[in-house]
Amino acid sequence: MVRRHAIIVGGGASGVLLAYQLLRLGRGAIRVTLIEQRPEIGRGLAYHTGNPDHLLNVRVANMSALPEDPDHFWRWLSARDTCRCADRYCFVPRRVYGDYIASLIGPLVSRGDDTDGLRILNSECVSVRENADGVVVELASGAELGGDTVIFATGHDSRKIPAACYADAWAPPSTAGIRKDGLVLILGSGLTMADYVLSLLRDGHTGPIVAMSRRGLMPKAHRRVPPLSIDEQQIPFGASASQLLRWLRHLVESHSAQGGNWRSVVDGLRPFTQRLWRELPIDSRRRFLEHARAWWDVHRHRMAPEVEFTISKAVMDHRLTLMAAKIADISPNSAGATVRYRRRGQAALESLQVDAIVDCTGIAKDPAATGNPAVRSLLDQGLARIDPLHMGIDVASDCAIVNRRGLPSQRLFAIGPLTRAAFWEIIAIPDIRNQCVRLAERLVRNADRVSEAAFPASFTTLPIAASKRRAALVGHH
């Protein structure tokens, strides 16, 4: 039997979930190589945190990595001595979930035979190219690896630190050298902001914290309410953004009048949000991103009740101030930076001297300026293109990467947040796990057929001349 070789670039949660499904469904027809530069597999940015105050934003009941086994995470968690959950509704530390994702990998790792199971390469992928036989991946060491398909699971681009006055939103505040009584300005007021405030408080920060965003909106909190059962036939797919908003408001008002909670409506809509996005006219997508996205995000992406309590207390104690404003200018200086801003609805400029700035605004504004060398290589070669709204790379409905000429690839795919332009709701595990299953099923079907039209003939790993380069391909066993 000819075994197909799938190479996954990115070993965070998305990459691990896809590797698991490929090996589970492939039944020996596919071997997988996972490339990740971080030493810990399965964590990525989201689950590497060691702060126990950083909780999942989704209840345990909905966080199984396996859509075919909804209670998988709950059983794993319940078997641990440290489990403090009374039921499936609880919200656990993200570090614990990273342990869970990593536990999926252990039984799959190759035991020395490169043609068997999963091989993990602790390295950075710097470029991907196609040739007549398949795909070639180049690592930072200069080593090259050949395969049949490459799947990009690289997650969000981490933002570059533009000046010394900025602190990394994903690193503990203690590493940034922020004075305990200093004024910290956080750009953005979403879930990442909440995490950083929790980190500051845990580190003993006593100074003022200002969270600034265009609308000054903070995420709502979860409540113990069931999702509303929504008939798919009642949803106005293909309608404009304004029509959808009117329909959604009417549904919320109707459900509330019967004693229901708006959260039930938002959660009940979740299975259909990707289709709603795909069928939304391009102009309506643009208007949604400009005018409605912030409102949707605070209702859709909610915080755990425990986090809500801590953040609300920080606001009431005047330790955290939420401000609706837009930055006009940032001037770094020896004491941090002087920030000039304009409050929402006001014409006058105000200024603020801050000790540190933390950018928690999330998604990078310009995907064409990505710092990811592997994605950059695709764009430079014309093997990928930026989507019309500049949200990310363009992908087809089956996750195939679309090239400069508008043609979907048969060899290059993407999953997770990298595909947000096509799917919108694709940053949370419940959405990513389903995406991974669908793509794995497609790749396994193609592997079973061994169709030259779909996949070119398999070829072996390219020879590496020097032993120094060969060492770069040593797996994580």
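Student: How many aromatic pairs does a search of the whole structure find?

Tutor: The model is a predicted one. A search of the whole structure finds 10 aromatic pairs.

Student: What describes a pair of aromatic rings?

Tutor: The distance of the centres and the angle of the planes describe a pair of aromatic rings. Take Tyr47 and Tyr97: the ring centres are 5.2 Å apart and the planes meet at 55 degrees, so this pair is tilted. An angle over 60 degrees would be needed for edge-to-face.

Student: Where in the chain are Tyr47 and Tyr97?

Tutor: Tyr47 is in the loop between β2 (30-35) and α2 (72-78), while Tyr97 is in helix α3 (residues 94-105). The two are 50 residues apart, and the pair links distant parts of the chain.

Student: Are Tyr47 and Tyr97 buried or exposed?

Tutor: Both Tyr47 and Tyr97 are buried.

Student: Which residues form one aromatic cluster with Tyr47 and Tyr97?

Tutor: Phe73, Trp76 and Tyr100 form one aromatic cluster together with Tyr47 and Tyr97.

Student: Why is the pair of Trp277 and Phe288 edge-to-face?

Tutor: Its planes stand at 70 degrees, with ring centres 6.1 Å apart, so the pair is edge-to-face. Trp277 belongs to helix α7 (residues 273-278) and Phe288 to helix α8 (residues 282-300), so the contact ties together parts 11 residues apart in sequence.

Student: How is the burial of Trp277 and Phe288 read?

Tutor: Buried means a relative accessible area under 20%. Trp277 has 4% relative accessibility and counts as buried. Phe288 has a relative accessible area of 15% and is buried as well.

Student: Where does the charged end of Arg275 sit?

Tutor: The charged end of Arg275 is placed over the ring of Phe237, at 3.6 Å from the ring centre.

Student: Which residues lie nearest the centre of the second largest pocket?

Tutor: Leu245, Leu248, Phe288, Ala292 and Trp296 lie nearest the centre, out of 24 lining residues. The volume of this pocket is about 850 Å³.

Student: Which elements give two or more residues to the lining of the second largest pocket?

Tutor: They are α5 (241-257), α6 (262-269), α7 and α8. Helix α5 gives the most, with 8 residues. By residue class, the lining of the second largest pocket holds 17 nonpolar, 4 polar and 3 charged residues.

Student: How do strands of a sheet pair?

Tutor: They pair through backbone hydrogen bonds, in a parallel or an antiparallel sense. Here an open sheet of 7 strands runs in the order β8-β14-β9-β10-β11-β12-β13, and its pairing is mixed.

Student: Which are the edge strands of that sheet?

Tutor: The edge strands are β8 (166-167) and β13 (350-354), each of which pairs on one side only.

Student: In what sense does β12 pair with β11 and with β13?

Tutor: Strand β11 (residues 320-333) and β12 pair in the antiparallel sense over 8 bridges. Strand β12 (residues 336-343) and β13 are also antiparallel, over 5 bridges.

Student: How many residues lie in the hairpin connections of β12?

Tutor: The hairpin from β11 to β12 passes through 2 residues. The hairpin of β12 and β13 has 6 residues between the strands, and Gly345 in that turn has a positive phi of about 85 degrees.

Student: Finally, what separates the C-alpha atoms of Arg129 and Leu383?

Tutor: The C-alpha atoms of Arg129 and Leu383 are separated by 8.2 Å, although the residues are 254 apart along the chain. Arg129 is in strand β4 (residues 125-130). With a relative accessible area of 30%, Arg129 is partly exposed.

Key: Residues are numbered from 1 along each chain as its sequence is written. This is a predicted model: local features need pLDDT of at least 70, side-chain atom pairs count only at pLDDT 80 or more; totals for chains, interfaces and linings use all residues. Side-chain values use heavy atoms; hydrogens and water are left out. Rings of Phe, Tyr and Trp (its six-membered ring) pair if their centres lie within 6.5 Å; planes under 30 degrees apart count as stacked, over 60 as edge-to-face and the rest as tilted. Helices (H or I, at least four residues) and strands (E, at least two) are DSSP runs, numbered from the N terminus. Buried means under 20% relative accessible area, exposed over 50%, partly exposed in between (1.4 Å probe, protein chains only). A charge sits over a ring if NZ of Lys or CZ of Arg is within 6 Å of the ring centre and within 35 degrees of the ring normal. On a 1 Å grid over the protein atoms alone, a cavity is a set of points where a 1.4 Å probe fits but cannot get out, and a pocket is an open set with protein on both sides within 12 Å along at least five of seven lines; lining residues have an atom within 4 Å of a point. Grid points are joined across faces, edges and corners, and a volume is the space filled by probe spheres set on the points. Ala, Val, Leu, Ile, Met, Phe, Trp, Tyr, Cys and Pro count as nonpolar, Asp, Glu, Lys and Arg as charged, and the others, Gly among them, as polar. Two strands pair if DSSP finds at least two bridges between them.
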